[in-house]
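This note is written for a colleague who is meeting the structure for the first time.

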Amino acid sequence: MSDSAGGRPRGPRGIARTWIEVLVRPRRAFANGITPGDQAPALTFAVAVAAAFTLGLIATDSGAVPVVVPSSRLLSDLVVFLVAVALAAPVGLHLTAAVATVSVVVASVEVVDGSFSLRDRGGVSETVQVVAYASSPMALAGPAIPELRVLCGAYAAVLLFVGFRAVHGLGAVRTVAAAIPPAALGYGVGYRIVAAGRTLLGA
């Protein structure tokens, strides 16, 4: 991830390398692999993660997949997969990144000599990339195993914290405040972590 000209390697092999590095060496991955203005690979990566999650969901929890083609379960699953990859993943990434951008700005506010100012931080593009790459664990969260989903969601939230800290340079408390809203929306709601947690708690 860190040795490519555009911030990270391209293609299927590059996505796999990036995924492994984010999971295993997140600080290095975020410090070296985020390039201002280079959102396209991040979007591709987020789509790949969503595709893996959706395949796992379809394979293990068919009851949770809406039936859009009653005459053919296989065709119905294919439609759901394509919608998740082509529509839900890009929209979800940008919605989560929008929330993250606002959170980072709010967390950057400080009072200096009685007036409000903003701390130096990374740009919107870097925020989008961090949100995308922090979703790496969710590629494993598709199977209908609540414990696995909660674990993946918790790790994704930790990765988001690590990424925000590396890119925006905020303190620990400010980074936590910036990371909680997008993590709750993108991973908690988008990837059904909240629902999995409720299942574990018997709610």
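1. Axes here are lines fitted to C-alpha atoms, for helices over the stretch in contact, and angles run from 0 to 180 degrees between N-to-C directions. Helices (H or I, at least four residues) are DSSP runs, numbered from the N terminus. The model is predicted: local features need pLDDT of at least 70, side-chain atom pairs count only at pLDDT 80 or more, and totals for chains, interfaces and linings use all residues. Residues are numbered from 1 along each chain as its sequence is written, and side-chain values use heavy atoms, with hydrogens and water left out.

2. Helix α1 (residues 11-24) and helix α2 (residues 26-33) have axes that come within 5 Å and cross at roughly 125 degrees. This makes α1 oblique to α2, given that angles under 35 degrees count as roughly parallel, over 145 as roughly antiparallel, 65 to 115 as roughly perpendicular and the rest as oblique. On the α1 side the contact (heavy atoms within 4.5 Å) is made by Glu21, Val22, Leu23 and Val24, and on the α2 side by Pro26, Arg28, Ala29 and Phe30. These residues divide into six nonpolar, no polar and two charged; Ala, Val, Leu, Ile, Met, Phe, Trp, Tyr, Cys and Pro count as nonpolar, Asp, Glu, Lys and Arg as charged, and the others, Gly among them, as polar.

3. For helix α3 (residues 40-60) and α4, the axes come within 9 Å and cross at roughly 140 degrees. The two helices α3 and α4 are therefore oblique to each other. Their crossing is right-handed; a crossing is left-handed if the near helix is turned anticlockwise from the far one by less than a right angle, and right-handed if clockwise. Residues making the contact include Ala42, Leu43 and Ala46 of α3, and Asp77, Phe81 and Ala84 of α4. By class, this contact of α3 with α4 has 14 nonpolar, two polar and one charged residues.

4. Helix α4 (residues 73-107) also packs with helix α5 (residues 124-134), at an angle of about 125 degrees and with the axes 9 Å apart. That angle makes α4 oblique to α5. Again the crossing, of α4 and α5, is right-handed. From α4, Leu93, Thr96, Ala97, Ala100 and Thr101 take part, and from α5, Val124, Thr127, Val128, Val131 and Ala132.

5. Neighbours within four places in sequence aside, Ser76 is in contact with Pro66, Val67, Val68 and Val69.

6. Helix α6 (residues 146-168) has 23 residues and reaches 32 Å from its first C-alpha to its last, close to the 33 Å expected at 1.5 Å a residue. The expected span is 1.5 Å times one less than the number of residues. Buried residues of α6 include Arg149, Cys152, Phe164 and His168. Gly169 follows α6 and has a positive phi, near 65 degrees.

7. Ala178 belongs to helix α7 (residues 172-189) and is buried, with a relative accessible area of 1%. Apart from neighbours within four places in sequence, Ala178 is in contact with Ser103, Val104, Ala107 and Phe164.

8. Arg192 is found in the loop between α7 and α8 (193-201). Its phi is positive, near 65 degrees, in a residue other than glycine. Most residues other than glycine have a negative phi. Arg192 is partly exposed, with a relative accessible area of 32%.

Note on methods. Buried means under 20% relative accessible area, exposed over 50%, partly exposed in between (1.4 Å probe, protein chains only).
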